[in-house]
Structure formats: structure tokens, C-alpha cells
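This report looks at the overall fold, one of the sheets with its neighbouring helix, and the surroundings of a single residue.

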Amino acid sequence: AYDVLVVGGGPAGAAAAIYAARKGIRTGVAAERFGGQVLDTMAIENFISVNETEGPKLARALENHVREYDVDIMNLQRAAQLIPGSEGGLHEIKLENGGSLKAKTLILATGARWREMNVPGEQEYRGRGVAYCPHCDGPLFKGKRVAVIGGGNSGVEAAIDLAGIVAQVTLIEFDSQLRADAVLQKKLHSLPNVTVVTSALTSEVIGDGKKVTGLTYKDRNSSEFHELELEGIFVQIGLLPNSDWLKGTVELTSRGEIIVDARGETSLPGIFAAGDVTTVPYKQIVIAVGEGAKASLSAFDHLIRSSVE
Ligand code: FAD
């Protein structure tokens with residue numbers, strides 16, 4: 001059995017594994033895809049002390065750093081079920097391939113994924129105008145025209161944020177009204193370079209083969225299609241935590257985020273969680289790394305206080 005078993009190999013999982021291994025305890029990492037969301041992005045300019053890097057390069061660096069230590073890396077392994085240990089017993093992770101792993105403590109770091117629009121052009125222009133993270137990619141569109149898709153809190157926050165950087169923001173909402181908090185809507189409507197379009201269904205991302213040049217949407221009242229010329233599209237229709245496999249075990253919010261306390265502990269003793277899959281606000285690499293380190297130190301603290309053999 002492992003002292004610490006990390007589930008997930010993104011920035012949070014990598015940091016948790018390194019912090020555990022440095023304590024000289026038996027550490028394993030099981031990940032469906034080592035590197036996580038970082039593999040799906042190109043320019044990264046906000047991982048502090050690294051001025052500029054690319055997703056696949058940072059993912060390789062994370063894995064190389066973990067490999068410097070005595071850590072069992074089990075890549076391409078998807079966890080299917082958690083069976084919490086009772087009364088200080090070992091926790092078990094059942095894998096989709098039928099295998100099973102046991103550990104005294106667990107760190108759940110299975111991340112999240114952005115909900116996509118599922119319209120033509122979205123995949124083709126992902127990272128070439130189609131973006132999901134305003135904190136990450138906003139500055140790349142300085143002085144340009146962008147659309148934000150989604151009028152919930154995250155969409156309206158994104159539009160307010162981007163309005164300070166880009167030339168023009170068009171916020172597109174499917175419903176007949178925005179769903180964001182009133183205070184955010186008030187702020188949004190006070191901005192001179194934001195236009196709000198409601199009852200609109202985005203139907204296509206348009207590009208020139210290299211990058212985004214516009215989008216089309218259907219007016220749901222008139223059924224007419226309209227085209228907008230722009231350089232960027234920020235999709236803000238939800239972030240889905242990869243926690244379906246945990247239902248009925250650790251406590252989750254209604255949105256599926258694992259509830260953690262300030263030390264990264266879940267509702268079950270000895271089971272910790274870190275990164276985008278948790279309730280910790282702001283889903284960012286630098287935050288996931290810090291949370292992974294914190295959960296790992298908490299797991300170590302739990303181990304030295306518990307009597308499991
Ligand atoms: P993830 O990176 O999501 O990693 C989760 C890990 O868990 C993966 O290894 C995955 O395969 C594994 N996993 C999932 N389910 C299971 C399972 N059931 N069993 C086993 N393993 C499982 N952040 C920034 O700070 N700067 C940026 O510039 C930036 N750009 C981004 C661009 C894009 C396109 C995207 C999608 C995200 C971007 N982010 C950026 C956000 C950043 O990537 C995330 O905040 C960060 O990767 C979260 O790390 P994590 O370890 O919590 O989760």
C-alpha cells in the first residue's frame with residue numbers, strides 16, 4: 001500500500017507527488033493523462049518565474065520533475081471508484097481497467113474541463129482565437145474585438161475583465177436575460193465598450209484557416225442569423241469538475257466540486273483534494289500547484305498523527 005496515492009497528474013497532482021516523495025514516504029500517482037489541461041493549451045504567461053512557456057513543454061517539465069523522485073507513475077489509468085477505508089483502514093481506488101490501488105492517504109486531483117459550445121469551428125480554432133480562460137488569454141487580445149459566450153457570473157465577470165484590455169466586447173447569452181448577479185450586471189452595463197446580445201444561440205466559429213475572424217449566431221426570436229467580425233471568443237458556459245466517480249463518497253457541492261477546508265482535507269479523514277476539482281476559487285496553474293503542495297503536507301501531517309500500520 002502507498003502512504004500517499006495521488007489521483008490525477010495535472011499541476012496539482014504533480015506538486016502533491018513531489019512534496020510527498022520528498023518526505024521519503026511511499027508515493028504513487030495514477031493519472032488518466034499525465035499533464036492534464038496544461039496539454040491542451042499553448043501560450044502560458046502567468047506561471048510565475050517562467051516568463052513564457054507552452055502547454056506541452058510545461059507538462060513535460062512537470063513529469064520530469066516528478067520523475068526525479070521515487071514516485072510510482074501510473075499513466076493512462078482512470079480511477080472509477082473510491083472505497084474509503086473505515087476506522088483508519090486503507091482507502092482503495094478501483095481503476096477502470098479492473099485493477100485496484102490501496103493507500104493510507106489519498107490526494108484527489110482530477111481537475112476539471114471547460115464546457116464547450118459544440119459548434120462547427122470551435123475545435124479547429126481552439127487556441128487560435130477560441131479561448132476559455134480570461135485570466136490566461138485576455139492579454140493576448142489587447143486592443144482587439146472579442147465575444148464572451150455566456151451571461152452567468154463567469155461570463156459577465158469575464159466581459160468586465162476583458163473590457164479593460166480589449167477594444168470591444170460582445171456578450172452573447174442564450175436566454176432572454178443575463179443570469180449574473182445584479183451588481184455585476186450593473187457594472188457591465190456601465191462600460192462603454194460592451195454590447196449585450198440576449199436570446200442568441202452561437203452557431204459557428206468562423207476563421208480564415210489560421211485564426212478566428214468572426215462568429216455567427218441565431219436570434220432565437222426572429223430565427224435570423226447574424227455575423228460578428230472579431231478576433232477572439234471566450235467560452236464561459238461552465239467548468240465541469242471531474243468528480244462523477246466520487247459521488248456518494250466525499251462531500252461535493254451541487255456543481256460537483258469537492259469541498260475542502262483550508263488544509264485541503266475533504267469530508268473524509270485522510271482523504272485530501274487539490275486543484276480545479278475542488279471548491280478553491282480561481283482555476284489556475286499556479287494555484288493548483290500551491291494547493292497540491294498544501295494537500296500533500298496535510299496528508300503527511302495526517303500520517304504522522306495516525307496509527308495505521
Ligand atoms: P488538470 O490539469 O485538469 O489535471 C487533472 C488530472 O487528473 C489529469 O492528469 C487527468 O488526466 C486526471 N484525471 C481526471 N479524471 C481522472 C480519473 N477519473 N482517474 C485518473 N485520473 C484522472 N491556467 C493558467 O494558470 N494559465 C494559463 O495560461 C492557462 N491556460 C489554459 C488554457 C486552456 C485551453 C485550459 C483548458 C486551461 C488553462 N489554464 C491555465 C487552467 C489550468 O490548465 C488549470 O487550472 C490546471 O491545469 C488545473 O490543474 P489540476 O491539476 O487541478 O487539474
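## Terms and confidence

Two strands are taken to pair if DSSP finds at least two bridges between them. The structure described here is a predicted model, and the average pLDDT of the protein is 97, with 99% of the residues scoring at least 70. For the complex, the predictor gives a pTM of 0.94 and an ipTM of 0.99.

## Overall form

The protein contains 19 strands and 6 helices. Its C-alpha trace spans about 65 × 35 × 35 Å along the principal axes, and its radius of gyration of 21 Å agrees with the value near 19 Å that a compact globule of 309 residues would have.

Of the 309 residues, 42% count as buried. Among contacts in the protein with a separation of 6 or more, those between residues 24 or more positions apart account for 61%.

## A parallel open sheet and its helix

An open sheet is formed by 5 strands in the order 10-17-11-12-13, and the pairing is parallel. Strand 10 (130-131) and strand 13 (194-197) each have a single partner strand and stand at the edges, so one side of each is left without a neighbour in the sheet.

Helix 4 (residues 153-163) lies across strand 11, strand 12, strand 13 and strand 17 (232-235), and the helix runs at about 165 degrees to strand 11.

Is Asp276 buried or exposed? Asp276 is buried, because 28 other C-beta atoms lie within 10 Å, where the cut-off for a buried residue is 20 or more.

Leaving aside residues up to four places away in sequence, Asp276 touches Gly111, Ala112, Pro241, Lys283 and Ala288. The C-alpha atoms of Asp276 and Arg113 are separated by 8.8 Å, although these two residues are 163 residues apart along the chain.

How values were computed: Residues numbered from 1 in each chain as written. Predicted model: local features only at pLDDT ≥ 70, side-chain atom pairs only at ≥ 80, totals over all residues. pLDDT = per-residue confidence, 0-100. Buried ≥ 20, exposed ≤ 12 C-beta atoms within 10 Å, placed from the backbone. Contact = placed C-beta atoms within 7 Å. Helix = DSSP H or I, 4+ residues; strand = E, 2+ residues; numbered from the N terminus. Rg over C-alpha atoms; globule rule 2.2 N^0.38 Å. Axes fitted to C-alpha atoms, helices over the stretch in contact; angles between N-to-C directions.
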